[in-house]
Amino acid sequence: MINSCQKPGDSFGFSQEQIAGAIARKGLLSMEIEFSLSCNFNCPYCYAPRQSAQDVLSAAQIDDIILQAKDLGAEKIIILGGEPMIYPSIHERIRFIRKHGLDVEMFTNGSHMNPENARFMFENNVAVVLKMNSVSKTLQNEMTGRDDAYDIIQTAFQNLTGAGYPAPGRRLAVSTVICGQNIDELPAMWRRLRRRGIEPYFEMITPQGGAAGNHWQDLPVSKQQELFEELARIDREEFGRTWRPQPPLVGNSCLRHCYSCLVNASGQVMPCVGVTIPLGNVLETPLKTILDRSEVMENLRNYPRRIKGPCAACDNAGLCYGCRGAAYQLTGDYLASDPLCWHNQDKELEALPTDAAPYLPHRPPMLMIDTLCNVGERSGHLAARIKDDNPFLSGDGILGETAYIELIAQAVAALEGFHMSPAERAQHKGVLLAVKRFSISRASRRGEKLDIHLEKLGRFGDFGAVSGVIMNDGAHVAGGELSFFQSGPEAGAGDAENHSPPAHS
């Protein structure tokens, strides 16, 4: 299954008022779910890892997850994969979803879409998104890893249209990735689909999974821009549709993190298939709790204040933040500017790992953190080299014990500062309140590199707590829990700042 961020269609079926409401209540309007990662195709651009093990989620667990999404306000369930049509109880799962008043959308490669299954989809009002990357038999087979893929897809298309698709309430879309091999045929394909009332769902490939290792599919961003602009002209002049070309979806934008999430085949909740940061597992924690507590989701919902670099300054920033999946996969930062947007091709963009100094209030020699390596869900990995001018060094080059507490405190400040604008970093102040269960296993010396791993334990108003572990070449050095107090002009305001422990000074 491709990296599919939202459903085809104008505004993806949700009004701005609905989206604003979902943001305010930390709820959902849709949820993507993988019933299984099993697949009978081997598409070279697929985001999903190959999986041969038995599926983790049972049918009962899938049904429970769907009901949890409904309780959070979801109106639609989007079935991804793997290939949904080879999932043993696909009919039962669709009936369950429809029984509970939810819309169903399913991405499929066309396998097993015989006349009976096509009629079942039509009778149950399933919106079907069929993968079709080319009208060339040779190229279509090459892009699916099967010699019979073209025939499978064409048969599925005929069976779906024979069952009555497209029709009011029964949408049919064609999902197509944009690559160097098919770009010349896409304008004609777009016209054919529009004329038949079939929604074209053309998108840029996110550089992850199979796509990250199959560079023969790569296409210069400038060529993709030309295609977007050509399709916009076709829609405007031939079909009376006007839209602004912007990545990653032709004819639409992707702000789906404001109102949706992904539950993968092992129960992990993620922002989407491109932002592969586990937020929690629904087999261990309720979906509502995961989304309520998620710092990543809070930052994405608050994207107008959190997206960095040129994307933040773009004149279309209110309606576009590029592809968060591309940003994360290429920079390690889900809030970075999209490197695949043509507006950013001549700009220098932030990426991880990065120098930690800009995110800290400290200056040498008290500045001890060197690098911010990785940022996850309420977690981070930072690095520090013990320099000659470190004020905690003894005469024989041994790092003093209190330095480890300072290292963790500075790591917290750098991690929090990473999500703030320079103005916000200047206004937010904090105080270290307490150290608990702190232990030191071994000494560290001048010149050694230390890795600091942080996990945020909780946030209660102006108070926060973190767990920090310091490692040296894989061996435990020190660690414990630190508690903080934060004060600032926006403390307690109820948005993303509420989840930010302060800088230690």
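## About the model

This is a predicted model, in which local features need pLDDT of at least 70, side-chain atom pairs count only at pLDDT 80 or more, and totals for chains, interfaces and linings use all residues. Residues are numbered from 1 along each chain as its sequence is written, and side-chain values use heavy atoms, leaving out hydrogens and water.

## The whole chain

The protein chain holds 15 helices and 16 strands. Helices (H or I, at least four residues) and strands (E, at least two) are DSSP runs, numbered from the N terminus. The C-alpha atoms fill a box of roughly 80 × 50 × 45 Å, taken along the principal axes.

Of the 505 residues, 57% count as buried. Here, buried means under 20% relative accessible area, exposed means over 50%, and partly exposed is in between (1.4 Å probe, protein chains only). Among contacts between residues at least 6 apart in sequence, 70% join residues at least 24 apart; a contact means heavy atoms within 4.5 Å.

## Helix α8

Helix α8 covers residues 221–238, which makes 18 residues. From its first C-alpha to its last, α8 reaches 25 Å, close to the 26 Å expected at 1.5 Å a residue. That expected span is 1.5 Å times one less than the number of residues. Following α8 comes glycine 240, with a positive phi near 65°.

The buried residues of α8 are Val221, Gln224, Leu227, Phe228, Leu231, Ala232, Ile234 and Asp235. Seen down the axis of α8, these buried residues fall within an arc of 160°, so they line one face of the helix. The arc is that of the directions from the helix axis to the C-beta atoms. An α-helix has 3.6 residues a turn, so residues three or four places apart point the same way. The cover over the buried residues of α8 includes β5 (172–178), α7 (186–195) and β6 (199–204).

Back to glutamine 224: its relative accessible area is 7%, so this residue is buried. Leaving aside neighbours within four places in sequence, glutamine 224 is in contact with Ile178, Met204, Leu219 and Trp342. The C-alpha atoms of glutamine 224 and isoleucine 178 are separated by 7.6 Å, although the two are 46 residues apart along the chain.

## Nonpolar cores

A nonpolar core is a set of buried Ala, Val, Leu, Ile, Met, Phe, Trp, Tyr and Cys residues joined through side-chain atoms within 4.5 Å. The largest one has 114 residues, and Leu28, Met31, Met121, Phe202, Val269 and Leu287 touch the most other members. Helix α6 (residues 149–163) gives the most to this core, with seven residues. A second, separate core of 35 residues includes Ala384, Ile408, Val412 and Val477.

Not counting residues up to four places away in sequence, phenylalanine 202 touches several residues, including Val174, Trp190, Leu231 and Pro248.

## Two buried loop residues

Where is leucine 335 found? Leucine 335 sits in the loop between α13 (324–331) and β10 (354–355), and at 0% relative accessibility it counts as buried. Beyond its neighbours within four places in sequence, leucine 335 is in contact with residues including Asn299, Leu300 and His419.

Asparagine 390 belongs to the loop between β12 (379–385) and α14 (402–418). Asparagine 390 is also buried, with a relative accessible area of 9%. Its side chain reaches the backbone nitrogen of phenylalanine 392 at 2.8 Å.

Terms used. Polar contact = N/O pair within 3.5 Å; in protein donor to acceptor, adjacent residues only side chain to side chain.
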